[in-house]
Amino acid sequence: MYNLKKIGWYLSDEGKLFVYKGNPRLEREINSDNNEAIFAFIKAFKRPMSEAELQQSLPQLSRQEFADIFAYFKENKWLYKLPDNFDLLDQRIKNFADCYPGITYTDYIEKVADLGILILGLGTGGSYLLDILTKLGFRNFTIVDGDQVERKNLRAQNYEFSDLGKFKATVQSQKYQDKFPGIQLKVVNKQINSFADLDSKVNLNEIDYFINCADDFDLQMVLLEKLFDKYPKLKMFYGGYSFLIHSDTLITQANYQSLLKTALNQRNSLNIEKYISENSGSIFNGYLSAFFISKVIFNDLIGVENTSVVGDLCTDEYLFR
């Protein structure tokens, strides 16, 4: 069945045809010699249809007119074939992905199906990730955290009073394992202290995106230093929050050395014995982390080159770059 993107098509009273009406940056006029015929083609799509069904519903169009419009819409990726097993559960994912010029739901979902995601650290930075990622269609997860839920976690992290004393990874698994069909969750209720430790507890060959939310700078640096030598195709997130600043960056083999050098230089410029701080992570950081990281993964899969995001919770400025 073919699906037509419903992306703000508009036929004005003057007979002008627009697409992306309502988004000033994307809106453009379609220049044709028969806007009425094109709009009739668009209106005919009440639901996904076969090419034959669509043609039968448009008797006012000649075979040539229909063939020209059909080819034009396919060429612009406004018209595409849905997977045979399309589930209405994915309707909103489909509609959202279809909003991007040159991208279709099929382009996106075919990449998502078998991707493996590792989340290390299920505190403020990591505990809300599954909430978004499962709703974006991801299914294969490994979650790692050796901590148990404490009372001090409840205002900032994705846990409830009934979770107190339980392992965070176990709670997350119970919460999301059956949330959507096909979700696979591997649980590691262990603390990670080194790269060798992680490598022995997780099959990193199954991982495409490694989301490092460990609340341990030294461990983050060790993982960043050693990971890409053994697993060059893996992609890793590095970031976190500090005093109203929140940032997350997608790291690959191509850029990890420069980012490692920058992070170490920033750390070494401080005399730690003269530096006093406290964990200021709030529910805002929990939601920002989940949103920032999930959106950068989504962007990466559809070819939007935004590899990092920074948010300032004081000035309320948020920048993907």
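This report walks through a predicted model of a protein chain, from its overall layout to a few single residues.

## The overall layout

Let us start with the whole chain. The protein chain has 321 residues, and buried residues make up 45% of them. If you follow the fold in the viewer, you can look for 11 helices and 13 strands.

The chain is divided into two parts: domain 1 covers residues 2–86, and domain 2 covers residues 114–320. Between the C-alpha centres of domain 1 and domain 2 there is a distance of 42 Å.

## Salt bridges

Next come the charged pairs. The count of salt bridges in this model comes to eight.

| Pair | N to O distance |
|---|---|
| Lys 21 and Glu 27 | 3.4 Å |
| Asp 197 and Lys 201 | 2.3 Å |
| Lys 235 and Asp 300 | 2.7 Å |

Is Asp 197 buried or exposed? With a relative accessible area of 14%, Asp 197 is buried, since buried means under 20%. Lys 201, at 33%, is partly exposed.

What does the pair of Lys 235 and Asp 300 tie together? The side chains of these two residues meet in a salt bridge. Lys 235 lies in strand E10 (residues 235–242) and Asp 300 in helix H11 (residues 283–302), so the pair ties together parts that are 65 residues apart in sequence. Lys 235 counts as partly exposed because its relative accessibility is 24%. Asp 300 is likewise partly exposed, with a relative accessible area of 24%.

## Two patches on the surface

Now for the surface. Which residues gather in a patch of negative charge? They are Asp 147, Glu 150, Asp 215, Asp 216 and Asp 218. One of them, Glu 150, can be found in the loop between strand E7 (140–144) and helix H7 (168–176). Glu 150 has 41% relative accessibility and so counts as partly exposed.

A patch of another kind is nonpolar. Phe 243, Leu 270, Ile 272 and Tyr 275 form this surface patch, and together they have about 370 Å² of accessible area. Tyr 275 is placed in the loop between helix H10 (256–268) and H11. Its relative accessibility is 38%, so Tyr 275 counts as partly exposed.

Gln 172 counts as buried because its relative accessibility is 0%. Along the chain, Gln 172 and Ile 93 are 79 residues apart, and their C-alpha atoms are separated by 23 Å.

The last stop is the backbone. Most residues other than glycine have a negative phi. Against that background, which residues are worth a look here?

Leu 244 has a phi near 75°, a positive value in a residue other than glycine. Leu 244 belongs to the loop between E10 and strand E11 (245–251). At a relative accessible area of 49%, Leu 244 is partly exposed.

Asp 316 also has a positive phi, of about 60°, although it is not a glycine. You can find Asp 316 in the loop between strand E12 (308–312) and strand E13 (317–320). Asp 316 is exposed, because its relative accessible area is 53% and the cut-off for exposed is over 50%.

Terms used. Residues numbered from 1 in each chain as written. Predicted model: local features only at pLDDT ≥ 70, side-chain atom pairs only at ≥ 80, totals over all residues. Heavy atoms only, no water. Domains from an automatic or database assignment. Patch = residues over 30% accessible without salt bridge, like charges linked within 9 Å, V, L, I, M, F, W, Y side chains within 5 Å. Areas by Shrake-Rupley, 256 points an atom, 1.4 Å probe, with all protein chains shown as cover. Salt bridge = Lys/Arg side-chain N within 4 Å of Asp/Glu carboxyl O. Lys, Arg positive; Asp, Glu negative; His and termini not counted. Charge placed at Lys NZ, Arg CZ, Asp CG, Glu CD. Helix = DSSP H or I, 4+ residues; strand = E, 2+ residues; numbered from the N terminus. Buried < 20%, exposed > 50% of the residue type's maximum accessible area, 1.4 Å probe, protein only.
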